[in-house]
Protein chains: 2
Amino acid sequence: MSREQAIAKLIPVFRKYGYEGTTLSLLSKASGLGKASLYHHFPGGKEEIAAAVFEYVGIWFNKTVLNSLQSEQKPELKIQAMCKNLQEFYGNGKESCFSAIMSFGEANNLFHDRVKHRIQVLIDTLAQVLIEGGIEPELAKVRSQDAMIEIQGALILVRIIDDTEPFERAIENLPRKLLN
Amino acid sequence: MSREQAIAKLIPVFRKYGYEGTTLSLLSKASGLGKASLYHHFPGGKEEIAAAVFEYVGIWFNKTVLNSLQSEQKPELKIQAMCKNLQEFYGNGKESCFSAIMSFGEANNLFHDRVKHRIQVLIDTLAQVLIEGGIEPELAKVRSQDAMIEIQGALILVRIIDDTEPFERAIENLPRKLLN
DNA sequence: GTCTATATAGGGATAGAC
DNA sequence: GTCTATCCCTATATAGAC
């Protein structure tokens, strides 16, 4: 099995159990590899596995969500595309945000800088699109942050109340809130 | 040491390490009690401790935040009071939300129903105040949900980017967003 | 009510055969 | 590259003295 194939199978484990709750036994079961085989692919153990998953999810996120903000289309269309991809990326609200998961507990110590950087790139990229759309830079930054807040908060609320409606609504209203 | 005193000392442990990341050793150190003493107070072990902390934090939250919505004042003033208490309760954005923490991983299995109920009570109570303030019931519910989203999302963003500004801004704008 | 000591299980991690 | 077997450590939990 390739490293990439293994990583793909390991994503749901971290998403469901968090960093601390994820054990090598769970990872072993999910991947179909023995613990020793996991250490063959990831000599650094659990931490390296989490880092690999973090990178993998980041590439996936960039290919879909971030990429939709870097096309040659009009700002309105870029943001609409982003929203559509966000909805898909988060399984209509059912899937947790990997960055948010990695911002709790021990994982926060290990991955804080990487998570922070990833979120800030996203905020900055979105802000650029808003500026391109005629929003003042200061306001653009605030609105981009607000978009992050909406997404993260909606994902939490959805998980708590077992209802994806708030997430769908948040995504639906995002273009209007961002561009007036 | 009384049960209550012990619980108060244990809150920060769960807030910092999450449910999975919290160990009896950490709880022992934080409380100054030996592990066996913890089992004397909480025969159910870690799960019972978490449940006790959950209840304790809930009572604290009700006394401050929820209570401010149940005064005899005008809706505007109730909401302003709530916002002030929210800011205090979450340490200006530096403190995590206990309910959100308990919505991840194994804790989500154990406490899902209790967390859901607590959040729904809060949403319903806030919605009632909005209705009292002249908002249509359907819209009131949506806006109350949006308030939860803002708070939860802001707490996450704050932790990720090490900057409490988004939380302060969210709280500041909350009364206007809720009541138009 | 608190302690020391200990039981039992599972976690992360490694050695070495194949 | 994958496995079985094993090591060490820490986790939860309990027994029993004080």
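Biologist: What share of the 180 residues in chain A is made up of buried residues?

Modeller: In this predicted model, buried residues make up 53% of the 180 residues in chain A.

Biologist: And how many helices and strands does chain A have?

Modeller: Chain A has 9 helices and 0 strands. The pattern along the sequence is α-α-α-α-α-α-α-α-α. With a radius of gyration of 17 Å, close to the 16 Å from the globule rule for 180 residues, chain A is as compact as a globular protein of that length.

Biologist: What does the C-alpha trace of chain A span along its principal axes?

Modeller: The span is about 55 × 35 × 30 Å.

Biologist: Contacts next. What part of those with a separation of 6 or more comes from residues 24 or more positions apart?

Modeller: Such residues account for 65% of the contacts in chain A with a separation of 6 or more.

Biologist: How many positive and negative side chains are there in chain A?

Modeller: There are 21 positive and 22 negative ones, and the centres of the two sets lie 5 Å apart.

Biologist: On to chain B. What area is buried between chain B and chain A?

Modeller: About 3,000 Å², with carbon and sulfur atoms giving 63% of that. Of the area that chain B buries against chain A, 21% is supplied by Phe104(B), Ile149(B) and Ile160(B), more than by any other three residues. In residue terms, 35 residues of chain B are in contact with 34 residues of chain A.

Biologist: Where is Asn108(A), and is Asn108(A) buried or exposed?

Modeller: Asn108(A) lies in helix H7 of chain A, residues 105–132. Its relative accessible area is 18%, under the 20% cut-off, so Asn108(A) counts as buried.

Biologist: What is Asn108(A) in contact with, leaving aside neighbours within four places in sequence?

Modeller: Met102(A), Ser103(A) and, from chain B, Arg159(B).

Biologist: Now Leu155(A). Which helix is that in?

Modeller: Leu155(A) has its place in helix H8 of chain A, which covers residues 137–161. Leu155(A) is buried, with a relative accessible area of 4%.

Biologist: Which residues is Leu155(A) in contact with, again leaving aside neighbours within four places in sequence?

Modeller: Tyr90(A), Gly93(A), Glu95(A), Cys97(A) and Phe167(A).

Biologist: How far apart are Leu155(A) and Phe167(A) in sequence and in space?

Modeller: They are 12 residues apart in sequence and 6.5 Å apart in space, C-alpha to C-alpha.

Methods:
Residues are numbered from 1 along each chain as its sequence is written. Chains are lettered from A and ligands numbered from 1 in the order in which they are written. This is a predicted model: local features need pLDDT of at least 70, side-chain atom pairs count only at pLDDT 80 or more; totals for chains, interfaces and linings use all residues. Side-chain values use heavy atoms; hydrogens and water are left out. Helices (H or I, at least four residues) and strands (E, at least two) are DSSP runs, numbered from the N terminus. The radius of gyration is taken over C-alpha atoms; the globule rule is 2.2 Å times the number of residues to the power 0.38. Buried means under 20% relative accessible area, exposed over 50%, partly exposed in between (1.4 Å probe, protein chains only). Contact means heavy atoms within 4.5 Å. Lys and Arg count as positive and Asp and Glu as negative; His and the chain ends are not counted. The place of a charge is taken as NZ of Lys, CZ of Arg, CG of Asp or CD of Glu. Buried area is the accessible area (1.4 Å probe) that two parts lose on being put together, summed over both.
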